[in-house]
Amino acid sequence: MYAAKDAGRHCARVYHPSLDESHERRQRLEQDLKRAVEDEEIYVRYQPIVDAQSGEVVAVEALARWSHPVHGDVPPDVFIPNAEISGLINAIGRQVLLHACREMRETGLDLAVNLSPAQFWDGNLYDEVQQVLERTGFPPERLELEITESLLLRRPQVAAAVIDRLRSLGIRMALDDFGTGFASIAYLQQLTIDRLKIDRSFLAPLESQPDMREVLISIVDLAKAYHLEVCAEGIETP
């Protein structure tokens, strides 16, 4: 059943002993991840955010990382989905926010931290963010929380209320992976956000598809119309 679900549902899978092995690996990973969260083994690395005009690093994005004591570094695309399924993602999110605010407080740089859907819809999120800011002394105006369009699909009006309450703390909100979801422009009209993050899939074809430049210009113009700052993901070369 789980193999069929992992394959995208609406399909059948015939039993094979290897399915048990895969399930057991997933269970072991979940147990190890739970221990890692309890022992605070999840650490943070930082992706620089560069001002396109000056070339200076003006902010960083906090990225959760896990070094397994036996298997070494576990890729985020492996342990993050496991954390979401097992219910550990909220605890990981709290640790990342706390560590990042503590480590970046004296740098003067702005800090961006991703929120998972489970975190965003957690009724304790406002209190937890407030507590982290108070514990670390991190200036709220330098903190930006990122959400994706996917978590807004079901309840955009309720999401707007959550966003407004978080912004009342003095922090900023960003819409991540813009252009990959649905009704993006409608969300810009409904939500009070501060920054638009253009998904890397729009940047990657620039050299091979010259027309993509016009698409990017249009997205930037759209952001300007809504008085939003813009961050483009996936820029690796001058």
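Which ring does the charged end of Arg 165 sit over? I looked it up in this predicted model. The ring belongs to Tyr 126, and its centre is 3.8 Å from the charged end of Arg 165.

**Aromatic pairs**

I searched the whole structure for aromatic pairs and found 2. One joins Trp 66 and Phe 79. Their centres are 5.9 Å apart, with 85° between the planes, and the pair is edge-to-face. Trp 66 belongs to strand β2 (residues 57-68) and Phe 79 to helix α3 (residues 76-86), so this pair ties together parts 13 residues apart in sequence. I also checked burial: Trp 66 and Phe 79 are both buried.

Next I took Phe 120 and Trp 121. Their ring centres lie 5.0 Å apart and their planes meet at 85°; over 60 counts as edge-to-face, so this pair is edge-to-face. Phe 120 is buried, at 1% relative accessibility. Trp 121 is partly exposed, at 23%. I noted a charge here too: the charged end of Arg 155 sits over the ring of Trp 121, 4.1 Å from the centre.

**Strand β6**

Is strand β6 enclosed or open? I found 6 of its 7 residues (172-178) buried, so the rest of the structure largely encloses it.

Then I looked at its partners. Strand β5 (residues 143-148) pairs with β6 in parallel over 5 bridges. Strand β7 (residues 195-198) also runs parallel to β6, joined by 3 bridges. I followed Leu 175 of β6 in both directions. Leu 175 stands opposite Ile 147, and also opposite Leu 196 in β7.

Last, I traced the chain from β5 through helix α7 (residues 156-167) to β6. These three make a right-handed β-α-β unit.

Methods
Residues numbered from 1 in each chain as written. Predicted model: local features only at pLDDT ≥ 70, side-chain atom pairs only at ≥ 80, totals over all residues. Heavy atoms only, no water. Phe/Tyr/Trp six-rings, centres within 6.5 Å; stacked < 30°, edge-to-face > 60°. Helix = DSSP H or I, 4+ residues; strand = E, 2+ residues; numbered from the N terminus. Buried < 20%, exposed > 50% of the residue type's maximum accessible area, 1.4 Å probe, protein only. Lys NZ or Arg CZ within 6 Å of the ring centre and 35° of its normal. Pairing = 2+ DSSP bridges. Right-handed = clockwise from strand over helix to strand, strands pointing away.
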